[in-house]
Amino acid sequence: MDYANIFFVKDHYYFMSMALEQAYRADREGEVPVGAVVVKRGEVIAKAYNQVIKRDDPTAHAEILVLRKAASISKNYRLAGTGLYVTVEPCLMCGGALIQARVNKLIFGAFDPKMGAFGSIYNLAEDKRLNHRIEVESGILEEECRKLMQNFFRKRRRGTEEAVTGSTRNRFVL
């Protein structure tokens with residue numbers, strides 16, 4: 001089946017807004033504000049946000065958590081025919097998970113120049129050695145997604161209580 005035409009631009013803003021809601025939830029909890037939504041045939045299958053600190057799990061990125069939820073709900077680890085909306089360009093770990101899950105389309109808001117694996121530091125979508133291709137679209141609600149991340153890290157650099165909550169404070173002190 002050709003899934004190329006199942007995603008429409010007008011829907012991108014709607015679903016990215018849902019991902020942003022998840023990112024704001026992460027921000028309120030002191031997590032890096034990234035949110036993700038998996039969609040199939042115009043219906044939301046799962047939503048998630050970063051919970052690395054809350055779960056003491058370096059793999060608890062929004063993309064990983066939303067793929068786990070979607071696979072569990074679908075009762076299938078292959079998520080063919082789906083699109084993943086995420087506020088920030090996925091890292092290599094999350095990109096690998098998207099490929100393993102056979103997600104058809106990745107739609108993200110802002111590029112991540114330090115960790116992004118779909119155009120910034122690497123481009124998994126163009127690696128012909130991989131056995132699955134993901135169609136990528138970027139820049140959906142880019143400014144809001146980028147500003148949310150910038151504001152989070154600006155507060156964190158200042159060391160305010162807003163960004164550095166109890167669970168993150170002195171996390172790396174041995």
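1. Helices (H or I, at least four residues) and strands (E, at least two) are taken here as DSSP runs, numbered from the N terminus. The model is a predicted one, in which local features need pLDDT of at least 70 and side-chain atom pairs count only at pLDDT 80 or more, whereas totals for chains, interfaces and linings use all residues. Residues are numbered from 1 along each chain as its sequence is written, and side-chain values use heavy atoms, with hydrogens and water left out.

2. The sheet is an open one of 5 strands, in the order β2-β1-β3-β4-β5 and with mixed pairing, where two strands count as paired if DSSP finds at least two bridges between them. Strands β2 (43-49) and β5 (135-138) stand at the edges with a single partner strand each, so one side of each is left without a neighbour in the sheet. From one strand to the next the twist averages 15°; axes for such angles are lines fitted to C-alpha atoms, for helices over the stretch in contact, and the angles run from 0 to 180 degrees between N-to-C directions.

3. Within this sheet, strand β1 (residues 35-40) runs antiparallel to strand β3 (residues 82-88), and 5 bridges join the two. V37, for instance, has Y85 of β3 as its bridge partner. Helix α5 (residues 142-158) packs on the sheet, where it touches β3 and β4 (105-110), and its direction makes about 60° with that of β4; contact means heavy atoms within 4.5 Å.

4. The loop between β1 and β2 contains R41, which counts as exposed at 65% relative accessibility. The classes used throughout are buried for under 20% relative accessible area, exposed for over 50%, and partly exposed in between (1.4 Å probe, protein chains only). Although R41 and G83 are 42 residues apart in sequence, their C-alpha atoms are 9.0 Å apart in space.

5. P90, in the loop between β3 and α4, is buried, with a relative accessible area of 0%. Leaving aside residues up to four places away in sequence, P90 touches E63, G95, L98, L106, F108, M115, G116, A117 and F118. One of these, G116, is 26 residues from P90 along the chain, and the C-alpha atoms of the two are separated by 5.5 Å.

6. Helix α4 (residues 92-101) includes L92, and its buried residues are C94, G95, L98, I99 and A101. The buried residues of α4 pack against α3 (62-74), β3 and β4. As background to this pattern, an α-helix has 3.6 residues a turn, so residues three or four places apart point the same way. Just after α4, R102 takes a positive phi of about 65°.

7. L92 itself counts as partly exposed, at 46% relative accessibility. Together with I121 and Y122, L92 makes a nonpolar surface patch of about 270 Å². Patches are made of residues with over 30% relative accessible area and no salt bridge, like charges being joined within 9 Å and nonpolar side chains (Val, Leu, Ile, Met, Phe, Trp, Tyr) within 5 Å; accessible areas come from the Shrake-Rupley method with a 1.4 Å probe, and for residues only the protein chains shown count as cover.

8. The structure holds 6 salt bridges, a salt bridge being a side-chain nitrogen of Lys or Arg within 4 Å of a carboxyl oxygen of Asp or Glu. R25, E29 and K54 are linked in a network of them. The side chains of R25 and E29 meet at 3.9 Å, N to O, and both residues are partly exposed, R25 at 37% relative accessibility and E29 with a relative accessible area of 31%. E29 also forms a salt bridge with K54, with the closest N and O atoms 3.6 Å apart. Since E29 lies in the loop between α1 (9-28) and β1 and K54 in helix α2 (residues 52-55), the pair ties together parts that are 25 residues apart in sequence. K54 is exposed, with a relative accessible area of 51%.

9. A further salt bridge is formed by E137 and K105, whose closest N and O atoms are 3.0 Å apart. This pair links distant parts of the chain, with E137 in strand β5 and K105 in strand β4, 32 residues apart. K105 counts as buried at 4% relative accessibility, whereas E137 counts as partly exposed at 23%.
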